Structures are given as structure tokens and as C-alpha cells.
Amino acid sequence: MYNPLSNKAEEFICDHEINNTIHYAREHKDNKQLIEEILEKAALCKGLTHREAALLLECDDRELNEKTFELAKEIKQKFYGNRIVMFAPLYLSNYCINGCVYCPYHAKNKTIHRRKLTQAEIRQEVIALQDMGHKRLALEAGEDPKNNPIEYILECINTIYSIKHKNGAIRRVNVNIAATTVENYKKLHEAGIGTYILFQETYNKQNYEALHPTGPKSNYAYHTEAMDRAMQGGIDDVGIGVLFGLETYLYDFIGLLMHAEHLEATYGVGPHTISVPRLCMADDINTDDFKNCVPDHIFHKIVAVLRIAVPYTGMIVSTRESQKSREKVLKLGISQISGGSRTTVGGYVENETESEHSAQFDVTDQRSLDDVVNWLLQLGYIPSFCTACYRAGRTGDRFMSLVKTGQIANCCSPNALITLKEYLEDYASDDTKAKGMAMIEKELEKIPNPTVKEHARDYLMKIEKGERDFRF
Ligand code: SF4
Ligand code: SF4
């Protein structure tokens, strides 16, 4: 029985309700009047239910789809402006006891080189990331209680926050590790993590069990209820996602929104971010073996309808996507991207070709961070290295209430400019610096509040003189 307030996975992600929603969406997809009404509701920027969103996704009327894309662009502009937050993944360990059939780290893969970073190696990786200009990381590790116990992850977090190299600093460490206990989530919270990220992979229980034949991750309920335990452990910024291509996209799209609705209904705060990875090639993994791979035009629509359905939730796309694909979805709703990523353990220090055989997935967008920043500036975006909210204690419902009242915009814009300025001073190539300085000048004038504008100008001058780490 479907119940968004239930603490049982099979009740808040109800298979029956998802199938009914799919049926509803297919039955009404030609009902133009109903779709127009949903678009009118969406334009109020208060979000949509999973049923309404599913109907928009299924609609195949060209004119109405155009309206959906236009609305997604408007909402993106309204809530996120032209800012794009930058981050990088850091792979700590590829030891894993699970059997996920779509991931080369699965326990049975004997061709992959298994490796776990020592604290000294983490230091080297973090210095390399700081020297690129990164301030925000997403930690990645396989599930292995012997090799990667929670104590190891906590020690890594501690090491990362402690490294201060030149003007570099990692100011926000997000963590993507396997579902764990409330007690361990409390420890992660106390270690000062930003977002706890865990992808559901697929919400279809039967398919989930087939894709995860062995290891602790095969427990669908334990995995699906992980965000509830994280919230109970005090982590109020959680990041959800599915791996599009494992299941039919409509099923997982609906499941994703039901998960968001459950978190909002139960804890008063929806997911902080939604990631939209698509299945891609890797060692031991061939996308031809999966029949649900999502084509570009559907992927674009998924991003657009998610933007409309959950306007307050940040959306992330990784270097799994090509430059062209990232350019397209940036317009439609993506607010965070990775740049200069390595998906191997030790990949930031080592030559990529040496370690590419052990990558979790093939990086399609292989440009350096400076190239990505330059490209964003050229497209009219402001690359932002901001981590202010987490450091000012603006997380969970405190963060969401600022977002919902629109007040966050008073922080995001000036923070984007001052963190971009830091990047330009410390790490950018000459061409990126010239483009970035022009962007800052232009955007500074657009800050509506004169006091904020004055402070921002002052911080920018201080950064030029060598001071660092200002925030609104
Ligand atoms: Fe292990 Fe995660 Fe890969 Fe599954 S997806 S095999 S849990 S690293
Ligand atoms: Fe994100 Fe907060 Fe910075 Fe805005 S001010 S970019 S919401 S961290």
C-alpha cells in the first residue's frame, strides 16, 4: 500500500503506485488540456507530483514539449541564474564485496587492479586537486568492511580537511559510500561531511535484486531506506539518483520523485541534490548488454522535467556525459558539474593511462578543470567554487527555507563571483583569467542589493591582494 510517510521502502516506493502512474501517464499523454494545466501549475515553481511529472515526460506533442523545455530553462534561470557549482570525485578505494553487474568494481572482477589509498597518498591526491583549483569533493569508495571500514573513511575525511597547500583548501567533502547504520551516519555527520550521496541504481525491486545478486547491497529495503537512517543520524543534506539505463527510464524517474516526496513528507526537507548518471562503458561492462539505455532526447527531457518537478533541488551531471551533452543539459536544469575528473583510485597523481584500466566508468568529458571553466565562461555561465551554505550551517530545512523564499540568490551570486576570483588568481590560464575577470565585472553590476554589492567589491579587492576565504 503506497504511503509516502511510511518508513518501509516498499510502501514509500510502491511498485503498484509506480505501475499505476505509468498507466495513467500513457492513458493521458494526448490530453492537451490536462498537460497545459500541469504546465500552468509548474510555472508557479512549487513543484509537481510524481504523477504530473510522469505525464509531462510521456507527452509526445511537439508544441507542449517545447513549452516544457522553455519552462525548465526559466525555472533554472530563476533559481540558479547562470551559476554552475564545480566539484570533483575522489576515489579512495575500489575494494568491494558487492556484485553489482553494471560496475567494474564488482567483487568477481579479477582483471581490475584493487587498490586503497593510504593517508599519504590521499595527501598527494588532494594536493593535486587543490592545485587544479577544486574546493568541493565527492568521496567514492566500494563497500568492504575489511578494507574500507567506517574508521578508514572518517580518517580520510579528517586528512582531507586538514590539508592546506598554498592557497588551496577542500572546504566541503561530500561522501558517496554504501548504505550503513544510523550510528555510522552520526559519525559521518560529526566528521563534518557536506552531502551524503547514495544512488538507488534502480527502484524496481525485482530488477534491483537481479542486478545485485551478491553482497550486502542486494538487500533492497536496507539500501532504499538508507536516506532515512542518514537523516536520523543528523545528516540533513542527502543526494539521490538512479543509474539511468538499468530499468525503463519512466519507472525510475517516478521512483526518484517518490523518494523525494517521501523525504519531504517525512523530514520536511527533500533531497539536496539529484544526480542523473547514464549507464556507460567501463572495464568488464558493455552497454550493449543492457536493453534500457536512455537516448539523448529522452535524457534531455528527464533533466527538464526534473527541473520543473523539484525546482529547489540541485541537479548534478558528471563527466560520464560528453561536452555536447553537458552543454545541452546545463541549459535545462543542471546546477553542478564535475571537471577534470579521474574515476580511478590514485588517478589525480598518476598518469591516467597507467590507471585507466581500473576506472569505475569511462570519462567521456576528459578536459582539464581550466578547460571546463573556460568553456563555461564562454557559454555565459559563472563557474562557482562556493561552499558557503554548509560552512555557515545553512543545511537541511534552514537551507530549503532560504531557497524557497528566494533569499539564497543574495548569497549565491556574490559567492560565485568571489570564489571564481580566487580560482582566477591562483589557478587559471591567462585566457581563462581574462574571460573570468570580464564576467565578474559584468555580474557584479547585476547584484541588486547595494550593501551586498559593496561587500562583494571589497572582498574581490582583498582577494586580489592575497587574502582568501570570504563568504556571504
Ligand atoms: Fe561496489 Fe558500488 Fe561498484 Fe556496486 S556500484 S560494485 S557497491 S563500487
Ligand atoms: Fe550553494 Fe549556498 Fe553557495 Fe548558493 S550560497 S552556491 S546554495 S553553497
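**Domains and salt bridges**

The chain of this predicted model is divided into domain 1 (77–366) and domain 2 (389–464).

Reader: How far apart do the C-alpha centres of domain 1 and domain 2 lie?
Author: The two centres are 26 Å apart.

Reader: And how many residues of each domain are in contact?
Author: On the domain 1 side there are 25 residues, and they are in contact with 19 residues of domain 2. About 1,800 Å² is buried between the two domains, and carbon and sulfur atoms give 52% of that area.

Reader: Which three residues supply more than any others of the area domain 1 buries against domain 2?
Author: Arg83, Arg171 and Tyr312, which supply 34% of the area that domain 1 buries there.

Reader: What about polar contacts and salt bridges across the interface?
Author: There are 11 residue pairs in polar contact between domain 1 and domain 2, counting pairs with both residues at pLDDT 80 or more. The salt bridge count between the domains is 3.

Reader: Which helix gives the largest share of the domain 1 side?
Author: Helix H6 (residues 119–132), with 3 residues. By class, the side of domain 1 touching domain 2 has 7 nonpolar, 10 polar and 8 charged residues.

Reader: Back to Arg171. What does Glu422 do with Arg171?
Author: Glu422 and Arg171 form a salt bridge, with the closest N and O atoms 3.1 Å apart. Both belong to a network of salt bridges that also links Arg391 and Asp469.

Reader: Why would such side chains pair at all?
Author: Side chains of opposite charge can pair when their charged atoms come close.

Reader: How many salt bridges in the whole structure?
Author: A search of the whole structure gives 32. One of the pairs is Lys205 with Glu10, where the closest N and O atoms are 3.8 Å apart. Lys205 lies in helix H9 (residues 205–211) and Glu10 in helix H1 (residues 9–12), so this pair ties together parts 195 residues apart in sequence.

Reader: How exposed is each of those two, Lys205 and Glu10?
Author: Lys205 is partly exposed, with a relative accessible area of 29%. Glu10 is also partly exposed, at 47%.

Reader: Now Asp365 and Arg367: buried or exposed?
Author: Both Asp365 and Arg367 are buried. Their side chains meet in a salt bridge, 2.6 Å from N to O.

Reader: And what about Glu425 and Lys433?
Author: Glu425 and Lys433 meet through their side chains in a salt bridge, 3.8 Å from N to O. Glu425 is partly exposed, with a relative accessible area of 23%, and Lys433 is partly exposed at 28%.

Conventions:
Residues numbered from 1 in each chain as written. Chains lettered and ligands numbered in written order. Predicted model: local features only at pLDDT ≥ 70, side-chain atom pairs only at ≥ 80, totals over all residues. Heavy atoms only, no water. Domains from an automatic or database assignment. Contact = heavy atoms within 4.5 Å. Buried area = accessible area lost by both parts, 1.4 Å probe. Salt bridge = Lys/Arg side-chain N within 4 Å of Asp/Glu carboxyl O. Polar contact = N/O pair within 3.5 Å; in protein donor to acceptor, adjacent residues only side chain to side chain. Helix = DSSP H or I, 4+ residues; strand = E, 2+ residues; numbered from the N terminus. Nonpolar A, V, L, I, M, F, W, Y, C, P; charged D, E, K, R; others polar. Buried < 20%, exposed > 50% of the residue type's maximum accessible area, 1.4 Å probe, protein only.
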